[in-house]
Amino acid sequence: MSTLTDELTDVESSALAELERISDRDALEEWRVTWQGRRQGRLPKLLEQLPTLPIEDRREAGQLANRVRTALENAYEERRAVLEHASVSQRLSAEAIDVTLPGRRVPAGGLHPTTQTLREIIDAFKPMGFTVVEGPEVEWDYYNFEALNIPADHPARDQWDTLWLDIEDDDGKRPLLLRTHTSPMQVRIMEAQEPPIRVLVPGRVFRHEATDASHESVFFQVEGLAIDRGITFADLKGTLYAFARRMFGPDRRVRFRCDFFPFVEPGVDMAIDCFACKGNGCRVCSQSGWLEIMGAGMVHPKILQRVGYDPDEYTGFAFGMGPERIAMLRHGIDDIRHFYANDLNFLEQF
Ligand code: FA5
């Protein structure tokens, strides 16, 4: 009898002392198995001896055994709660967010300067009734040259160094190329619809050129076309003048000089007075006081005839400009190659 009660008291104090020192959940589980484990636990092993005691000792030993078992169970639960709490607060402090730290910046994307300029050009023409149409970048020789009064042996082809594609249509008569300008869309639009026409055609064009500070081999153009009864050169001038003032400011002066493009007659190049030096001559305008911004002219009667319009009934004008060159003028950019070099130091300025 005395041995079992001694052993029970001994188990109680040893187990509780050991429990005090436990600081993690694995050790706690080990403790539970050692002392309380159903088969091999030290307390259950002692309890197995109870029925072997003489009947007169059994009651007292049974009460002690119950007390020890309850004490161990309570102590175990208490320790488990303490450890649980510690691990939660440990985790919370590990995951804590310092709300006083400055936030991380989300890098914001932006529109490419060419896109911004294209949109501004379009916005300047919109109030005058122009709508936007796009066309194919891979084009037939026919639309890029032939239909624009530039036959195969015409010297004007030299003006547009062309990237030819190694593909032809079935009868080998219509070679394909990467369009050298957006003017082919003039013909495609006139073929597809009747006047009145007022369209803008923004798009990428390609030239087999060595690049330099003002020439890219892949760049953008915006074509404009207006066809109706009674359109005169005065309309061309008035429209482009209104555009220049919307785009470059109300004080702009405009200059038209004769120029040659086989698909217009007469043809002009249009310049605005240099906004950097107000026409006095500076680095931006190469000391000339003027900035050339586009080619334009009255649509050639032969082209009107080719698409089935009567040139005595309908007339119109067309123009074509390079948005990168316009963006360069407006922002003082000294090299067109910055536009497509994908350098964020450049792009983030816009
Ligand atoms: C043309 O391409 C004609 N299709 C424009 C036209 C349309 C005239 C309708 C008459 C009627 P040009 O080759 O000059 O013309 O190019 C027009 C504009 O594109 C130029 O004023 C310039 O702003 C831009 N440009 C031309 N070549 C380059 C280049 N290599 N890099 C960047 N921009 C260019």
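The legends below describe several close-up views of one predicted model. Residues are numbered from 1 along each chain as its sequence is written, and side-chain values use heavy atoms, with hydrogens and water left out. Because the model is predicted, local features need pLDDT of at least 70 and side-chain atom pairs count only at pLDDT 80 or more, while totals for chains, interfaces and linings use all residues.

**View 1. The two domains of the chain.** The chain is divided into domain 1 (3-94) and domain 2 (113-347), with bounds that come from an automatic or database domain assignment. The C-alpha centres of domain 1 and domain 2 lie 92 Å apart.

View 2. Seen here is an open sheet of 7 strands with mixed pairing, in the order β1-β5-β6-β10-β9-β8-β7. Strands (E, at least two residues) and helices (H or I, at least four) are DSSP runs numbered from the N terminus, and two strands pair if DSSP finds at least two bridges between them. At the edges stand β1 (131-132) and β7 (254-259), each with a single partner strand, so one side of each has no neighbour in the sheet. Strands β5 (residues 197-206) and β6 (residues 218-229) run antiparallel and are joined by 10 bridges; Val 199 stands opposite Leu 225 in β6.

View 3. A polar contact is a pair of N or O atoms within 3.5 Å. A polar side-chain atom of Trp 160 lies 3.2 Å from an oxygen atom of the ligand, and a polar backbone atom of Glu 216 is 3.0 Å from a nitrogen atom of the ligand. On its own the ligand has 680 Å² of accessible area, of which the protein covers 92%, as computed by the Shrake-Rupley method with a 1.4 Å probe.

**View 4. Backbone exceptions.** Most residues other than glycine have a negative phi, and most peptide bonds are trans. A cis peptide bond, with omega of about 5 degrees, joins Pro 195 and Pro 196, and Pro 196 lies in the loop between α7 (184-192) and β5. The peptide bond from Glu 265 to Pro 266 is also cis, with omega near -5 degrees, and Pro 266 is found in strand β8. Asn 149, although not a glycine, has a positive phi of about 65 degrees.

Note on methods
A polar contact is a pair of N or O atoms within 3.5 Å; within protein, one must be able to donate a hydrogen and the other to accept it, and residues adjacent in sequence count only if both atoms are side-chain atoms.
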